[in-house]
Amino acid sequence: MLDPRKLRLLRDLARAGTISAVAEAHAYTPSAVSQQLSALEREAGAALLERTGRRVAITEAGHVLIRHAEIVLGALEQAAAAVAGTPSGPVRIGAFPTAMRGLLPAALVRLGGAHPGLRLHVSELDPAEVPDALRERRIDVGLLNDYSTAPIDPDPAIDTAPLLDEPVHLAVPEASAARGIACTRADPWIVASPGTLCHTVALRLCRGEGFHPDVRHQADDFSTVLALVAAGQGVAIVPGMAVPEPVAGVRLVALTTRRRTRVAYRRGSADHPAIAAAVAALTAQGLSRSP
């Protein structure tokens with residue numbers, strides 16, 4: 001019989017790439033992870049890993065088992081949801097900063113009022129970190145986003161539901177004559193940190209107009225970004241939720257790009273009463289903000 005806990009380790013190895021990374025994510029030692037994976041090979045009756053010194057690669061049989069592991073782990077989530085009672089106990093939610101300010105407070109009031117038995121825990125979390133946090137069971141519900149110009153591939157371990165589709169703006173100093181990204185070729189730019197989706201989107205939009213932005217400043221907090229724009233330090237890309245009201249010194253130019261936010265949870269867990277209640281409250285709040 002295959003042990004689901006060992007299957008989870010194999011799946012996470014495919015994602016993380018190294019035994020050390022898997023060990024850190026699960027608070028195990030690398031030796032313990034290696035032993036568990038070796039035991040899984042014996043249970044499966046097939047070589048799942050190719051070992052060369054300290055490096056490991058997943059075999060074809062290992063990849064086949066990983067595909068089945070996603071189904072098994074999802075089925076276990078469904079089983080847990082089927083026997084759960086009324087919404088109660090802890091619900092851990094991970095959300096990015098603009099959602100923490102613009103969506104979560106009202107959604108938490110709605111959720112806590114409807115289900116007082118829930119214990120709500122909220123963590124600020126970059127969307128890129130949400131899939132790992134869900135797999136590692138550090139959160140139960142998380143908010144993901146992508147942009148129409150930078151879509152993200154579905155994750156086999158995660159299910160999602162639409163939450164919010166919002167406009168994206170070019171933020172320019174009030175005195176700027178810019179009417180679109182093509183007009184900012186000679187302007188300094190304020191972008192997010194490299195490796196973030198916001199950074200990728202800004203560069204991709206500029207490349208679409210035939211130039212690479214002159215990046216002068218990097219900031220991940222949109223309040224800081226808008227303050228820099230107002231001070232005449234550059235132009236930037238900002239989503240609608242980051243600008244709930246006009247900002248002195250800043251003019252917004254509407255773009256065709258959209259930012260799309262989705263609520264995410266482990267595959268198979270959608271019918272768990274606590275998770276379903278959290279998703280419903282977030283979705284209702286997202287709908288109330290939709291244009």
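For the charge comparison, Lys and Arg count as positive and Asp and Glu as negative, while His and the chain ends are not counted. The place of a charge is NZ of Lys, CZ of Arg, CG of Asp or CD of Glu. On that basis, the 30 positive and 29 negative charges of the protein chain have mean positions 1 Å apart.

The model is predicted: local features need pLDDT of at least 70, side-chain atom pairs count only at pLDDT 80 or more, and totals for chains, interfaces and linings use all residues. Residues are numbered from 1 along each chain as its sequence is written, and side-chain values use heavy atoms, with hydrogens and water left out.

**Overall build**

- The protein chain contains 10 helices and 10 strands, taken as DSSP runs (helices H or I, at least four residues; strands E, at least two) numbered from the N terminus.
- Along the principal axes, the C-alpha atoms fill a box of roughly 70 × 50 × 30 Å.
- Of the 291 residues, 45% count as buried, that is, under 20% relative accessible area with a 1.4 Å probe, protein chains only.
- The protein chain exposes about 14300 Å², of which carbon and sulfur atoms supply 55%; the area comes from the Shrake-Rupley method with a 1.4 Å probe.
- Among contacts (heavy atoms within 4.5 Å) with a separation of 6 or more, 74% join residues 24 or more positions apart.

**The six-stranded sheet**

- An open sheet of mixed pairing is formed by 6 strands in the order β4-β3-β5-β10-β6-β9; two strands pair if DSSP finds at least two bridges between them.
- Strands β4 (118-124) and β9 (236-239) stand at the edges with a single partner strand each, so one side of each is left without a neighbour in the sheet.
- From one strand to the next, the twist averages 30 degrees.
- Strand β6 (residues 158-173) pairs with β9 in the antiparallel sense over 4 bridges, and V238 in β9 is the bridge partner of H169.

**Helices on the sheet**

- Helix α9 (residues 222-230) packs on the sheet and touches β6, β9 and β10 (250-266), with its direction at about 135 degrees to that of β9.
- Helix α6 (residues 104-114) lies across β3 (89-95), β4 and β5 (141-147), and runs at about 165 degrees to β4.
- These angles run from 0 to 180 degrees between N-to-C directions, with axes fitted to C-alpha atoms, for helices over the stretch in contact.

**The β1-β2 hairpin**

- Strands β1 (residues 49-52) and β2 (residues 55-58) run antiparallel and are joined by 4 bridges; R55 in β2 is the bridge partner of T52.
- The hairpin has 2 residues between its strands, and G53 in the turn has a positive phi of about 65 degrees.

Conventions
Buried < 20%, exposed > 50% of the residue type's maximum accessible area, 1.4 Å probe, protein only.
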